[in-house]
Amino acid sequence: MSRRIVMIGGWTDIYEKAKKIGFDLTVIQSKAELKGSDLPFIDQLITCEMDDPRVPELAAFLHGQRPFDAAVSFQELGIVNAAFIGDQLKLAANPLKPVKLTRNKGLMRAHMQRSKLPSIPFVVTSDARQIIDLGNTCGWPLILKPAASS
């Protein structure tokens with residue numbers, strides 16, 4: 001009996017490697033990202049965007065028909081859905097809590113601070129005064145980043 005994985009996103013080389021080591025491969029990928037060379041390695045294909053909020057529901061339905069052993073994604077847009085699927089269906093997957101933390105810099109920094117892990121000074125704000133105060137306290141220049149984006 002082969003091991004079944006649901007892969008959110010991917011590319012030809014990773015599909016080929018999964019098949020080579022014996023996985024039965026279900027891929028959820030946007031149609032625009034698929035290539036003809038992908039198809040020989042994919043056992044089941046669902047076309048939709050990797051970050052579509054319906055992906056976990058689709059995976060749960062498929063899991064009910066033929067259970068998966070793992071949920072994976074090697075692409076930024078698919079990683080939260082893969083972790084959520086793993087959490088909800090009790091599959092091998094990246095743990096949901098750390099994955100969610102990596103998607104939001106403010107939450108990650110606050111978690112690191114609470115856990116007494118080394119971290120750079122930061123502030124989550126939309127207030128220019130707080131940014132100036134941080135720069136005056138920590139030194140200039142500062143790097144400004146959106147909290148919930150790459």
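Reader: Is Arg66 buried or exposed, or something in between?
Author: Arg66 is partly exposed, at a relative accessible area of 43%. Buried means under 20% relative accessible area, exposed over 50%, and partly exposed in between (1.4 Å probe, protein chains only). This is a predicted model, where local features need pLDDT of at least 70, side-chain atom pairs count only at pLDDT 80 or more, and totals for chains, interfaces and linings use all residues. Residues are numbered from 1 along each chain as its sequence is written, and side-chain values use heavy atoms, with hydrogens and water left out.

Reader: What does the Arg66 side chain meet in a salt bridge?
Author: Asp24, at 3.2 Å, N to O. A salt bridge is a side-chain nitrogen of Lys or Arg within 4 Å of a carboxyl oxygen of Asp or Glu.

Reader: How many salt bridges in the whole structure?
Author: A search finds seven. One of them joins Lys19 and Asp43 (2.7 Å, N to O).

Reader: What about Asp133 and Arg129?
Author: Their side chains also meet in a salt bridge, at 2.9 Å, N to O. They are four residues apart in helix H6 (residues 128-138), about one helical turn.

Conventions:
Helix = DSSP H or I, 4+ residues; strand = E, 2+ residues; numbered from the N terminus.
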